Amino acid sequence: MIDATELTLLKNALDKLAEGYSELPEFSTEFDAGAVADVLQEVATRMHDNFPYYHPQYAGQMLKPPHPIARIAYAMSLWVNPNNHALDGGRASSAMEKECVIELGKMFGWDAPLGHLTGGGTMANLEALWVAGRLHPGKRIVASEQSHYTHSRISDVLGLPFSPVAVTGDGRMDVDALKVLLRDGDIGTVVATIGNTGLGGVDPLTELIALQSEYDFRIHADAAYGGYFGLAGNLRADTRAAYDSLAAVDSIVIDPHKHGLQPYGCGCILFKDPSVGQLYKHGSPYTYFSSAELHLGEISLECSRPGASAVALWATQRLLPLVRDGDFAAMLDDCLHAARHFHEKLRGSRNFVPLMEPELDIVVYAVDAPDSRSASERARAVFANAAEHDLHLAMIELPVQLVQRYAPGIKVNSETITCLRSVLMKPEHLGWLDRIVEILERCAAGNP
Ligand SMILES: *Cc1c(COP(=O)(O)O)cnc(C)c1O
């Protein structure tokens, strides 16, 4: 799990960091190393009560280990512990944050977006919808039924009306259903989910953009999960078209702590039009005395923010630039391959019924059964059984009509069906599929 090399790299980085402060008089922090060691042993033991998220046999929720460089850079920066709220609190890390944001913007085709890192996708989406509400006061926010539940809740927090838009059989926003809502005329913002959390579906962005010639609305792209996949080389043509048109939207959210190899606490909001920065105007008397330059604390709803997140992201983007055909893009390609391969293997199974072809790297599959209620029971049994055998999956509750498209023979005696879900976001998953499928089949057969 831990590699001694990582500790050496951290020590060497810390020594280099210390050189920058060597002029100061010596001082050291006293602590009782013995007591600390005892507590740490206790903590490590308590941490056993986690699933092994870093391991390829964890094929469940959206969990991916940070890259070693992110872990090391983050840890190293804690000895300074910068605060990117204001330049007084983190000059170097604020500069790194701005550079990271520019690189992320470039990935979407924007040269000079306004943006910053956030605690995660939720805070980033909150800022996007807050700006949307300021620009279209009182107007409705809409997002697909498979969009993240955060959008309806954030709309509630902001006091904005919200409506879900139906999805088609592949889990993407149904454009005809959206048109019906648009005719009512009170829609200010359409949220396009670029990689929905449940199924990995990408909303048909080009069609949404086309509707802007008829109706006046903003588009916010929630690419918290899927944002990086524009770098991949093997997207389906319609998915590719959605990514290629991202530059036309008004705001984008991406989570470096999902597919960007970062520890938790790293989301990002980007606005195409930097003039929305004036909406953030406030009159803090406490901060901002060290620079006349507009800085991150002036364009963020969160105040104190970890400079460590920016340091870790900067180091990662330096090592693995956000370019097509690079090493980072190759990892995304491996994830896409793994998902397609897994889907194909499940199609050949008598125990499982894979649903839609994975658009990104999320595979959803029902367990074969004569009726919908027993399919749910079997899915829960396989889930529990697999965990006993160190294969960790996730579950998703889906409307029965959606599952029926892929399992037409199933008798309906419930409104929803519990399905299994595997987010194959580690490139290593590709090499572990045979083993994963083998465990799955044994668990489904009931005699593992
Ligand atoms: C994860 C996710 C969110 C929420 O982001 P957090 O980082 O968990 O706060 C929002 N939208 C989508 C599409 C997501 O996948």
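**Close-up 1. Strand β2 and its partner β3.** V142 has S163 as its bridge partner in β3, and strand β2 (residues 140–144) and strand β3 (residues 162–165) pair in the parallel sense over four bridges, where pairing requires that DSSP finds at least two bridges between two strands. This is a predicted model, in which local features need pLDDT of at least 70 and side-chain atom pairs count only at pLDDT 80 or more, while totals for chains, interfaces and linings use all residues. Residues are numbered from 1 along each chain as its sequence is written, and side-chain values use heavy atoms, with hydrogens and water left out. Strands (E, at least two residues) and helices (H or I, at least four) are DSSP runs, numbered from the N terminus.

**Close-up 2. Strand β2 and its partner β4.** Strand β2 also pairs in the parallel sense with strand β4 (residues 187–193), again over four bridges, and here A143 stands opposite V191. Of the five residues in β2, four are buried, that is, under 20% relative accessible area with a 1.4 Å probe and protein chains only.

**Close-up 3. The β-α-β unit.** Strand β2, helix α6 (residues 150–158) and strand β3 make a right-handed β-α-β unit; right-handed means that, with the strands pointing away from the viewer, the path from the first strand over the helix to the second runs clockwise.

**Close-up 4. The lining of the largest cavity.** Residues lining the largest cavity include Y228, L313, T316 and F328, and helix α10 (residues 307–319) gives the largest share of this lining, with three residues.

Key
On a 1 Å grid over the protein atoms alone, a cavity is a set of points where a 1.4 Å probe fits but cannot get out, and a pocket is an open set with protein on both sides within 12 Å along at least five of seven lines; lining residues have an atom within 4 Å of a point. Buried means under 20% relative accessible area, exposed over 50%, partly exposed in between (1.4 Å probe, protein chains only).
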